[in-house]
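Please read these notes with the model open beside you.

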Amino acid sequence: MGAEFIRHVKRNFVAYIALLPMAAVVIFAYLGTMAWSVRLSFSSSKLLPRNDFVGLNQYVTLFDTSRWLTSLGNLAVIAFFFLLICFVLGCLLAIFIDQNVRGESLFRTVFLYPYAMSFVVAGLIWQWILNPDLGIQATMRGFGFSGFVLDWVVNPRMVLYAVILATVWHGSGLVMALILAGLRGIDGEIWRATRIDGIPAWRVYVSIVLPMLRPMIITSLVLLSISIVKMYDVVVAMTNGGPGTASEVPAKFIMDNLFERANIGLATAASTVMLITVLMVMAPVIYSQYFRKGGRAA
Amino acid sequence: MMRQAKPAVARRPLTYQEVWGRVGIYAFLGVVALFFLLPLYVMLVTSFKSMDEIRLGLIFSLPQQFTIDAWVKAWTSACTGLECTGLRVGFGNSVKILVPSVVVSILLGAVNGYALSFWKVKGANVLFACLLLGSFIPYQVFIYPLVRVYAQTGIYGSLPGIVLTHVIFGMPVMTLLFRNYYSGLPVELFKAARIDGAGFWKIFISIILPMSAPIAIVAVIMQVTAIWNDFLLGLVFAGRENLPMTVQLNNIVNTTTGERAYNVNMAATVLTSLVPLAVYLLSGRWFVRGIASGAVKG
């Protein structure tokens, strides 16, 4: 190995140098910070990091903190409805657009434009539309429907649905775009064959076409899931976690504990929980998506 | 890439059932399109109204007295806390953050992708796998240690600090984008240049870069929208002097004391969305291509 390895390095020396920035970013900015965060979660750090070791104390405290449990519950509700609605709506839009409709590019543009905007913008627009004093509720009451209620942003029991509404508006175009791209790649022969066999179109979509679009579906679900786990901006802009703690989410819990509540140990314990969850869900997806196909160098 | 894949249906008069099918398709697409356009419409009409008119509580009505006062105020004198300098400050900051971040992250992504797909560097694929995995992990895991390191090196809360942060968190997508694109280029070109004795940088600059235009366009679109829309990183790393437009927008809308100026808020929201919206409308299908080929978004 020795001599040959040296010859290999010599021949590719510049490539090694060129990849140094990437190596530095991976080792220090990703792996190093990750390890540091995990390490801090086992310490009693408050405002400043400490190097002591308190075992799983922070984790015990964390799962005893009602705000964290509320955040997790909220995230579960949001993720379930967001993924379900985005996926169903996105698929329906893509399938309907794929029926040789007129104005196709106009429809596509309209369904995807929210995705180009920031989550802050999405949160602020819907906060205004749902404003109970001057928004839709007031307008409908002005029309004479005096009992009309649409107070989601200020109602603790409904506020999550306001967040879901804003995020669905932001994200379903993504599913539409990806599924539509997939539909365009499907062999037209399938349609001829199924028509001859007299299979209804909806069955063809459900049993044949959608399974063929598996890579597109996985990609869109992965993208949407990441945006849900990372969800922070839209909540800060729309409700700031309120009313009370009714719309708190884990990412915001961590940020608040890091920078406002000066509880670094607890915040890093929470971020470690998020890290482990994401790794468990994503590792198999990444493996199957990027490494089985592989590039030339893989 | 996209094409009309549906087999052309023989031209015959539509049956009764088919006519209703078409009506249903257009009705569904139309209703959903209205839902997607509603926020944009409300945002625009609100921004052109006076506060007196807004207090009438008719959120969907067109402005009776069309005024651009709110726009002028949002741009030049809207307040964030005690400072009333308007969104133009945030706009300037966003541009200052955007330009170097986009340029550096794309150049690094291109070099990484080139080295990964054409050169043999031991361990490079393991690094790349870690990098990809990192892009799925919530920022909250990395933020605190990065803040500490930045503070130690004196770049915390500065322009170089936020640019470096965007370069770090943009690296997974950019590297993936260029690696996949370069893996599709004919390897013979590279081999011929190697035999002629060309080195790493010579091949990159005279052969690979000139062929990179399509993917560079996709990369610019993705990075411009992602960095412009960023909220969290700007909030944490940019520092008071360089807060990007999204952060300033949220401060204007959510920290006003006294009566909220909804018209100014909505004008500010539109202003903040202008850059990504323009990119989206001008780029058309390139935007979708970015989503589809990126498959991870930081």
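Helices (H or I, at least four residues) and strands (E, at least two) are DSSP runs, numbered from the N terminus. This is a predicted model, in which local features need pLDDT of at least 70, side-chain atom pairs count only at pLDDT 80 or more, and totals for chains, interfaces and linings use all residues. Residues are numbered from 1 along each chain as its sequence is written, while chains are lettered from A and ligands numbered from 1 in the order in which they are written.

1. Overall form of chain A. Chain A has 15 helices and zero strands. Its radius of gyration is 24 Å, well over the 19 Å that the globule rule gives for 298 residues, so chain A is more spread out than a compact globule. (The radius is taken over C-alpha atoms; the rule is 2.2 Å times the number of residues to the power 0.38.) Along the principal axes, the C-alpha trace of chain A spans about 70 × 55 × 30 Å.

2. A residue is buried if 20 or more other C-beta atoms lie within 10 Å of its own, exposed if 12 or fewer, and partly exposed in between; C-beta atoms are placed from the backbone. Of the 298 residues of chain A, 43% count as buried. Two residues are in contact if their C-beta atoms, placed from the backbone, lie within 7 Å. Take the contacts in chain A between residues at least 6 apart in sequence: 69% of them join residues at least 24 apart.

3. Helix 14 of chain A.

4. Two backbone features deserve a look here. Most residues other than glycine have a negative phi, and most peptide bonds are trans. Gly242(A) and Pro243(A) are joined by a cis peptide bond, with omega about -5°. Pro243(A) lies in the loop between helix 13 (233-238) and helix 14 of chain A. Asn240(A) lies in the loop between helix 13 and helix 14 too. Asn240(A) is not a glycine, yet its phi is positive, about 50°. Asn240(A) counts as partly exposed because it has 15 C-beta neighbours inside 10 Å.

5. Ala262(A) is found between helix 14 and helix 15 (264-291) of chain A, in the loop. Ala262(A) has a positive phi of about 50°, although it is not a glycine. With 13 other C-beta atoms within 10 Å, Ala262(A) is partly exposed.

6. (Ala, Val, Leu, Ile, Met, Phe, Trp, Tyr, Cys and Pro count as nonpolar, Asp, Glu, Lys and Arg as charged, and the others, Gly among them, as polar.)

7. Two residues that touch across the chains. Thr139(A) sits in helix 8 (residues 136-142) of chain A. Thr139(A) counts as partly exposed, with 19 C-beta neighbours inside 10 Å. Not counting residues up to four places away in sequence, Thr139(A) touches Gly57(B), Leu58(B), Ile59(B) and Phe60(B). Val42(B) is in helix 1 (residues 16-47) of chain B. Val42(B) has 19 C-beta neighbours inside 10 Å and counts as partly exposed. Leaving aside neighbours within four places in sequence, Val42(B) is in contact with Ile129(A), Ile59(B) and Phe60(B).

8. Domains of chain B. Chain B is divided into domain 1 (16-67) and domain 2 (88-294); the bounds come from an automatic or database domain assignment. The C-alpha centres of these two domains lie 34 Å apart. Eight residues of domain 1 of chain B are in contact with seven residues of domain 2 of chain B. On the domain 1 side, helix 1 and helix 2 (51-54) of chain B are the elements that give two or more residues. Helix 1 of chain B supplies the largest share, four residues. By class, this side of domain 1 has four nonpolar, three polar and one charged residues.
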